[in-house]
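Please keep the structure open while reading.

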Amino acid sequence: MAEQFGFPTEEEAARVEELRALINQARHDYYVNDAPTLSDAAYDSLERELRDLEERFPLLATDDSPTCTVGGSASSSFASVEHAVRMYSLDNAMDLDELDAWLQRTREAAGRPLRYCCELKIDGSSIALTYHHGVLTRAATRGDGTTGEDVTENIRQVADVPAELEPICGAWAFDKPIELRGEVFMPRSSFRQLNAQIARENDAIKERNAQIELGEISGRRAALKKPFANCRNAAAGSLRQKDASITAERGLSTFVYAVADAAQLPVSSQHELLGWLRDAGFSVNPNIRTVDTEEEVRAFCQHALELRDSLGYDIDGVVVKVDEFALQAELGFTAKAPRWAIAFKFPPEEKTTILRSVAVQVGRTGACTPVAEFDPTVVDGSVVSRATLHNYDELARKDVRIGDTIIIHKAGDVIPEVVGAIPELRPAGALPVQAPTACPSCGSPLHRDGAFLRCESAECPAQAAERLEHWVSRGALDIDGMGPKVIEALAAAGKLRDVVDYYALREDELAQLKRGEETNADGSERVLGAKNAAKIIAQINASKEQPFSSVLFGLGIRNIGKTTAEALAKAFGSIDALMETGVDALCQVDGIGEVVAQSVVDFFAVDANRQLVERLRQAGLQMEADLSDAKPQTLAGLTFVLTGSLERYDRTTAEGLLKEYGAKCSGSVSKKTSYVVAGPGAGSKLAKAQSLGVPVLDEEALVAIIETGQLPAE
């Protein structure tokens, strides 16, 4: 009955929270760490599921949801750069049916037939290039779309990026800087050469390590270098080197295809812009076609798919754009992407291999996940031999058996997905994989929890290791330097049993911690050292000042993500109040459903967990929220949509200030919107507000609301 009235169930609310956490972590791994942990197909599936849930249940939609934000963030390793105009991402069409739906939707919105510009979707790293009077002055990564990283010195090392534009393009006469956009990529030949060089260096390292072990030479063993997973990650990693000379050696290339403000140039369409860019001296992809019919759009996509393997660089789809700039401006943007463009994603490639075994991986909350272990196979340039099977129900549904020839998706990253088995190639006597009945880590009985098997033992070593890593992670207590290897070594030495033990560590103990099998030049065992130990202890001490919400998130309560932890901390103020709260009271908190509430109650019903909280309190952790500067929640229950340009505040800052008074901010206008704030340049959102009768405010009214917390007088 809940869904009938547009209200989500507790399970659906919890799933939204879980999806947001998974997507945000995957984005950080992909854009910031250049080390993807999800395949394209898996990521797209998660984002699509989240979007569907938010559309079905608008109460779950938030302005900071991954469906409304651009992936990635600026690294602290480089200076921050604010883009002249926000860099958007693109919505995806995963098949021709979805492409057709977008074509129809766009045609109907325009009210007439359209001309389209079709371009290959380069699998690289987005870049913004700023030129003033024809001279390159700055280069920046996309980052979160608003702020990127300054990589100017590195981009100067890329051979096909002009330091000065050709005079024929007229850019020398422009008074204002021009920000151009494109993609930095690594050609396949450069990628092969780079990984071959790493392989040669690793051979030399192995030989030297062997000589050290035999006593033939003195020194310490060195770690092997990790080859790059694929061209995209090699390009991103090469672009973000602190030493620009390394970037120069990597053989990067670019294709440029966009401008931040088309009004600055003497062009009126995408195909005219591409011609201007060629004249200016940029590399422009030659595989571009301007078409007048939707049939030609589909034909270009099919042609690009056939062309894919013959190119000297990686592509993962086709970008289809409305060609006319005036019409692009009329169609506008969503919170995340332009309405006038779509990325048609290629179907994932498939590889086959032999399944040899199915291991069991125990997670932080005790969930036992089956992991396929198969003959190594090359997927998108890297050798992989393991892939998650998600849960045992999924494994049974796919009917995957030991010895089967299995199909692996090649979806653009390094972690494959098991599509299923090929029954015709099944060996005689192959038996279905049996779900375990006991935890492989501690031997405790496993219990069914929805689609998952779960170990409920608080003494499980596998869960303990996961909890220890979660506690120090970003978003929790954020203890830099306390990586998995250090945690493993401390646990093996008996110094870490639970998270409280972090606060009993001594600097001298850490300094003498052995670093695996590494040795010093004199053959003695290599240890962490005083300098590293001092840094880690300083981080541990600093973690005591992390807010109560971070402590709550760090406890690892099932279904409690960072955002939920912040909501609970704000609602109840202290760990003591939270521990004594029942399910009904918890469900009164905005965004908290029965499943999440029950998880909180169940966690604090365990005496060992209450003892853990008390020990953390004694160690000096924050167990109360700082509400001293909290503003009165005078805007609670109101939803604002900000559109157009603002002079006094940037949009993110303004939304944050409104939220301090309890307001919600959304990226789309609906009947439930309380107010729309419209600045200069407001387009479709303003029009929709007017058609729905939603009150419209100007920036002066917004400033008054932010300064007083009160709505303007009627």
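The points below are grouped by topic.

The model is predicted: local features need pLDDT of at least 70, side-chain atom pairs count only at pLDDT 80 or more, and totals for chains, interfaces and linings use all residues. Residues are numbered from 1 along each chain as its sequence is written, and side-chain values use heavy atoms, with hydrogens and water left out. Helices (H or I, at least four residues) and strands (E, at least two) are DSSP runs, numbered from the N terminus.

**Antiparallel sheet**

- An open sheet of 4 strands has the order β5-β4-β7-β8, with antiparallel pairing; strands pair if DSSP finds at least two bridges between them.
- The edge strands, β5 (135–141) and β8 (253–259), each pair on one side only.
- On average, neighbouring strands of this sheet are turned by 30° against each other, direction ignored; axes are lines fitted to C-alpha atoms, for helices over the stretch in contact, and angles run from 0 to 180 degrees between N-to-C directions.
- Strands β4 (residues 125–132) and β7 (residues 178–185) run antiparallel and are joined by 7 bridges.
- Leu-129 has Leu-180 in β7 as its bridge partner.

**Helices on this sheet**

- Helix α6 (residues 231–239) lies across β4, β5 and β7, at about 40° to β4; contact means heavy atoms within 4.5 Å.
- Helix α8 (residues 270–280) lies across β7 and β8, at about 135° to β8.

**Aromatic pairs**

- The count of aromatic pairs is 10, where rings of Phe, Tyr and Trp (its six-membered ring) pair if their centres lie within 6.5 Å, and planes under 30 degrees apart count as stacked, over 60 as edge-to-face and the rest as tilted.
- Phe-185 and Phe-255 form a stacked pair, with 4.9 Å centre to centre and 20° between the planes.
- Phe-185 is in strand β7 and Phe-255 in strand β8, 70 residues apart.

**Parallel sheet**

- A second open sheet of 4 strands has the order β22-β21-β23-β24, with parallel pairing.
- The edges are β22 (664–666) and β24 (696–697); each has a single partner strand, so one side of each lacks a neighbour in the sheet.
- Phe-640 stands opposite Tyr-675 in β23.
- Helix α22 packs on this sheet, touching β21 and β22, and its direction makes about 165° with that of β21.

**Helix pair α22 and α24**

- The axes of α22 (residues 651–660) and α24 (residues 699–708) come within 9 Å and cross at roughly 45°.
- Ala-654, Leu-657 and Leu-658 in α22 meet Leu-702, Ile-705 and Ile-706 in α24.
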